[in-house]
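Have the sequence and the 3D view open side by side.

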Amino acid sequence: MAVTKSKALNLLTAAALALPLTTVFASDEEAYFQYGHYEDGARNLFTTKSAFKPIEVDSLQSGMRLKLSDRVRLAFNYTQDTWSGATPMTTAPLAFNPNRESKTRAKTISGASPYLQPSNLYVDKQFNPLQFNAKTQKYSANNQLVHTLSTASPETRKQGDVRIGYDWDEASLDAGAGTSVEPDYESVFGNVGLRLDFNQKLTSVNLGASYTASETNSMLDHDASPYIETSTFGTRVQTLKNGVKIVTGSKDDWTGSLGLTQILNKSALIEGSISYTASSGYMSNPYKVVEILFVDPTKKADAEGKIDAKLLPFLEQRPEQRNQWTENLRFVQHIDALDAALHLDYRFYHDDWGINAHTISSDWIQPIGEGWSLTPRVRYYSQDSADFYAPYLLSKQAASTITFDDDGNIQRTSYNPKLFPKNYSSDYRLSGYGALSGGLTVTKKFAKGLELQAGAEYYTHAGSLKLGGGGEGNYADFDGYLVNASLNVDLAVLSIANSAHSEHSHHSHHHHGAGAPAGVMFDHVLQNAGDVMIGYRYMYANQAGQMQGGTTPVLDKTLLNQSCDPVLKQCFVTPQEMSMNMHMLDLMYAPTDWLTLMLMPQFMDMHMTMRDLAGAADLNMLTPLGAAVTHSRHEHTTGGVGDTGMYALFNVLKFSNQQLNVGLGISAPTGDSAMQLRDTHQQDLGFIHYGMQLGSGTWDFKPTVTYTANIDEWSFGAQLNGTKRLESHNKSGFALGDIFQTTGWGSYSWTNWLATSIRGVYTLQGALNGSYKGVYHQIGAMDFPNSYGGRFVDVGFGINASMPDGSLQGNRVSFEWLQPVHDDVNGYQLPREGALSATWSYMF
């Protein structure tokens, strides 16, 4: 027996869950794809200018909820975040000049790590920091604080989870599990939820529990770690053979929750919930330090009133226990006269760290006709500071003292850490502050459950916004903005529409062939004017193994002598493995029966690991660049928006079983082609390797010619496609090589919905033109333009599933593995191991 809900519950649940750009859906069957970009504004460093770009985050979320039967539900979600840029590492008095001119970037200022320990510091008798005035040649008190910034190369976090549920008539049970992985942090989690319905489903009680186990394995900044005091951190800091310092730790989180939902009438509902989380283990941020100002109380002020002081940075230390409580209250009201919905939310959070936080938010969902709606929203947040938060600490003791024993030997005595507080942090996120944000989301609902959303939000963070006053100083103020877009598909609506359609049209169904393999694009046009198709495409490619020159594997000695500068021989490393993940949306619309327009935005990430090149370390270890390269973890990650394709597909020949299509496309350079590595060892490492950039940086012309045919259960196809760079170089100074590709395939339909395919591919790609303009170190073969492109042959094996009728009619899923059989590379490159393509599409 199917689980049923009252009409009032359906309407109110839909209203309650219609939050802008959310991954929580009202429908039991839904697919979504969402992209977001967040960026901080510049930090106020007062007398200096930062050389670092503010923090940027590109986020991708996708998932699907399905009903396996009337009572069984399945959901899975995927999230990927890539971030880079500068964030505060610590706080110090501006008088001590903690941000100075960068040695690696001319005419710019950075929070260079050596300045974590500035010299020649003084305080007055009240321990106020003293600043030297070059004009008056005098010292005066200045209590203004400022952040010291630290930056990071791009890093990517990936999270996936799956959830299964079972519904009874008046109850449901859900259980889920997932994992989150990033370079320095991993976690696994599991959860369970129970919903009980009462009062003819007008009242619901929700119970939940979850557990998360996480591990931290963070590498300290090489430039900063010599200046950071780790004596108070015990065994958490480990030193590797190459001198790199690693901070390790583990944490466990247990959470329980209880919630109540009450439908008040046909137009209103109220929700309330309470949750408790117990955390234990390592909860400090390994990239944050606290400056401790040491002043020897035995020292007297000089004639100018100055007392010598010493500033030392320590890794922050947070408690290893935390108990957290959260209470939520939500009210949803539908306003019949305006056909609008009002959401009012309040959350109170408090923990045993001393933080009390209030969140008030409101959304107004206003339909404006023809499937369009506007959702303005506002949110206010305020929190008290943690008990152990301090911008910096004052310790009334000497940082070190020198005495002599009876034999005249020097005896050095360091500070006494027992005089420090047990816990301390200067992380601005633990300070007292307020935040105000406002935004707008535009939503368009199309037929058969398709929904597009786009939104923007502006965020301001300031101590002066704290409820009741007393927030952090203006040095910690900053602004930020968020833009995002999403595509949502209500699969339940599609199922109903397709079932009705099938009852009227299944007798006229006939076979149209199996379609092209998953790795082939632009293989078909939409048949009728007004048709729309949406799709999701995933591609994975990997390179690994022994480096190759032409068609032959080569040794490190050959790479050192021939792949790098023949005079300087400045090679240090060689690639060991490189992988690429690409997520792409296919959006197709047919204004006529002979023309199909196509938009293909994409999101991608790449990861490269390297190893020391045998013989190179001995030659170059003593150089600053060699030290910077050989002491790193030998891995790089990039991710974010790729280039965006815009295409017009023309049907120039069409018979009952044959088609010839011509495609004309342009690729817009929306992907970043100027990504750079962070400074290390006081070296400006400049641009990242060419192959790790997210886009070409040039406008590209992409033509295709595709022929397809089918005979009974057999289908055939052939395609010619190419990429012509329309610019000789991009803003960074280079252009990728042109590409020519030809492919042919055949497939056999075993049933009216399942087929398998085999395909052959030949690809010719030119080497890079030009080179980077700016700082760029050629540390391996992958950094030379002539080591890109080549001639490649592949064989693909695929499987396609296309639903011809029933509730899933119009859905198509396909997979293909592309196996390399011949590589003839330009220069020296990693051999290809293979590529996977997976697609889902729906046409209506």
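Which residues are buried in helix α3 (residues 556-563)? They are D556, L559, L560 and S563. Buried here means under 20% relative accessible area, exposed means over 50%, and partly exposed is anything in between (1.4 Å probe, protein chains only). Look down the axis of α3 and its buried residues fall within an arc of 115°, so they line one face of the helix; the arc is taken from the directions from the helix axis to the C-beta atoms. Over on the other side of α3, K557 and Q562 are exposed.

A word on ground rules: this is a predicted model, where local features need pLDDT of at least 70, side-chain atom pairs count only at pLDDT 80 or more, and totals for chains, interfaces and linings use all residues. Residues are numbered from 1 along each chain as its sequence is written, and side-chain values use heavy atoms, with hydrogens and water left out. Helices (H or I, at least four residues) and strands (E, at least two) are DSSP runs, numbered from the N terminus.

## The second largest cavity

Searching the whole structure turns up two cavities of 30 Å³ or more. A cavity is a set of points, on a 1 Å grid over the protein atoms alone, where a 1.4 Å probe fits but cannot get out; lining residues have an atom within 4 Å of a point. Grid points are joined across faces, edges and corners, and the volume is the space filled by probe spheres set on the points.

The second largest cavity comes in at about 40 Å³. Its lining is made up of P88, M89, T90, T91, H147, K288, S426, D427 and Y428. Strand β3 (residues 72-93) gives the most, with four residues. By class, that lining has three nonpolar, four polar and two charged residues. For this count, Ala, Val, Leu, Ile, Met, Phe, Trp, Tyr, Cys and Pro are nonpolar, Asp, Glu, Lys and Arg are charged, and the others, Gly among them, are polar.

Y428 has another contact to look at: the charged end of R43 sits over its ring, 4.8 Å from the centre. That call needs NZ of Lys or CZ of Arg within 6 Å of the ring centre and within 35 degrees of the ring normal.

## Aromatic pairs

How many aromatic pairs does a search of the whole structure find? It finds 28. Rings of Phe, Tyr and Trp (its six-membered ring) pair if their centres lie within 6.5 Å; planes under 30 degrees apart are stacked, over 60 edge-to-face, and the rest tilted.

Take F132 and Y139: their ring centres are 5.1 Å apart with the planes at 55°, so the pair is tilted. F132 is partly exposed at 39% relative accessibility, and Y139 is partly exposed at 29%. Y276 and W325 also make a tilted pair, 5.5 Å centre to centre with 40° between the planes. This one links distant parts of the chain, with Y276 in strand β15 (residues 268-281) and W325 in strand β18 (residues 321-335), 49 residues apart. Elsewhere, ring pairs link F687, Y690, F734, Y772, Y776 and Y788 into a cluster.

How values were computed:
1 Å grid on protein atoms, 1.4 Å probe; cavity = no way out; pocket = protein on both sides within 12 Å on 5 of 7 lines; lining within 4 Å.
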